[in-house]
Amino acid sequence: MNDNAAALAQARRLVAAARRLTISTGAGVSAESGIPTFRDALTGLWANYDPQALATEEGFRADPSLVWDWYATRRERIAAAAPNAAHRAIARRQLAGGADVLLITQNVDGLHRRALEEAISASTSAPDAAAITHARESIVELHGNILRVRCLQGCGPPPPGWESDSRSPPRCERCGSPLRPDVVWFGELLPEHALARAHAAAGECDLMLVVGTSGQVYPAAQLPFIARERGVPVIAINPEPTPIDEVATVVLRGAAGAMLPPLLA
Ligand code: OAD
Ligand code: ZN
């Protein structure tokens with residue numbers, strides 16, 4: 001066996017033994033759907049765009065149309081993309097039963113949800129209603145979702161029908177402020193409920209799988225360290241080395257779409 005085959009075999013044994021599996025994903029999971037990551041040297045969004053201008057509240061207030069337009073373009077690209085083999089492998093595992101799976105994602109593209117809905121429709125063995133509900137509720141979006149918007153001043157989400165072709169933000173019907181994407185920007189707190197669930201999962205799981213994240217952004221990057229501190233095995237999947245390798249029991253050096261299907265089958 002070469003190194004990767006041995007690592008995969010070891011990781012498969014860990015997955016088979018797990019009862020409470022937490023899967024934490026980052027932008028690398030959507031790379032094979034054609035969605036750019038943030039920090040890859042040439043293709044990453046932050047190599048080509050200024051995060052201060054495009055991913056902070058100050059940037060939005062300074063030029064709402066520029067920021068809105070950038071998110072609208074990303075939204076269009078996501079709508080035209082499809083879940084890949086990595087999303088599908090996770091979704092099938094969520095429905096399969098056996099281990100209880102909690103999926104924590106930093107991604108705002110909604111592709112995990114789309115993969116789950118596709119898996120539900122495609123399932124021939126008709127998972128029961130409780131399993132479907134549980135799987136739907138077991139996706140935690142730590143950094144929000146680009147498909148949703150909310151009022152900049154805090155009135156909450158607008159009623160349905162806000163979608164527009166306009167390249168500048170629509171206005172909140174209640175207070176007239178611009179609507180902003182419902183994602184976490186630099187300097188902002190994570191949604192409290194999502195963060196609480198992520199911390200609880202890191203404290204309770206018996207296996208953590210970390211896929212396609214550079215491990216640069218906290219608090220998400222902390223989760224595998226919390227698990228490891230408790231002696232829980234961590235599996236890392238990434239074609240490149242990351243700080244998460246330090247706490248990984250097994251590192252699978254490769255693409256999520258190649259590694260996850262055999263790992264979770
Ligand atoms: P990054 O862009 O920082 O890291 C992407 C990781 O995916 C890198 O480690 C790549 O090596 C890896 N990767 C690339 N292709 C892959 C593939 N096919 N399979 C597996 N891994 C692959 O993305 P994140 O770690 O998700 O925040 O970034 C974290 C946060 O920073 C994002 O959620 C975003 C950004 O600013 C917000 O927008 C709030
Ligand atoms: Zn408002």
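User: How much space lies in the second largest pocket?

Analyst: Ground rules before the number: this is a predicted model, where local features need pLDDT of at least 70 and side-chain atom pairs count only at pLDDT 80 or more, while totals for chains, interfaces and linings use all residues. Residues are numbered from 1 along each chain as its sequence is written, chains are lettered from A and ligands numbered from 1 in the order written, and side-chain values use heavy atoms, leaving out hydrogens and water. Now the general idea: rolling a probe the size of a water molecule over the atoms shows where empty space is left. A pocket is an open set of points on a 1 Å grid over the protein atoms alone, where a 1.4 Å probe fits, with protein on both sides within 12 Å along at least five of seven lines. Grid points are joined across faces, edges and corners, and the volume is the space filled by probe spheres set on them. Here, the second largest pocket holds about 200 Å³.

User: Which residues lie nearest the centre of that second largest pocket?

Analyst: Lining residues have an atom within 4 Å of a point. There are 13 of them here, and Arg20, Asp100, Leu102, Ala201 and Glu204 lie nearest the centre. Helices (H or I, at least four residues) and strands (E, at least two) are DSSP runs, numbered from the N terminus. Strand S1 (20–25), strand S2 (100–105) and helix H10 (192–204) each give at least two lining residues. H10 has the largest share, with four.

User: Is Cys172 buried or exposed?

Analyst: Buried means under 20% relative accessible area, exposed over 50%, and partly exposed in between (1.4 Å probe, protein chains only). Cys172 has 7%, so it is buried. Cys155 is partly exposed at 27%, and Cys175 is partly exposed at 39%.

User: What about Arg167 and Pro170: where are they found?

Analyst: Arg167 is in the loop between S4 and S5, and Pro170 is in that loop too. Arg167 is partly exposed at 37%, while Pro170 is buried at 17%. Arg167 and Trp68 are 99 residues apart in sequence, with 6.6 Å between their C-alpha atoms.

User: Which residues of helix H12 are buried?

Analyst: An α-helix has 3.6 residues a turn, so residues three or four places apart point the same way. In helix H12 (residues 256–264), the buried residues are Ala256, Gly257, Met259, Leu260, Leu263 and Leu264. Seen down the axis of H12, they fall within an arc of 165° (directions from the helix axis to the C-beta atoms), so they line one face of the helix.
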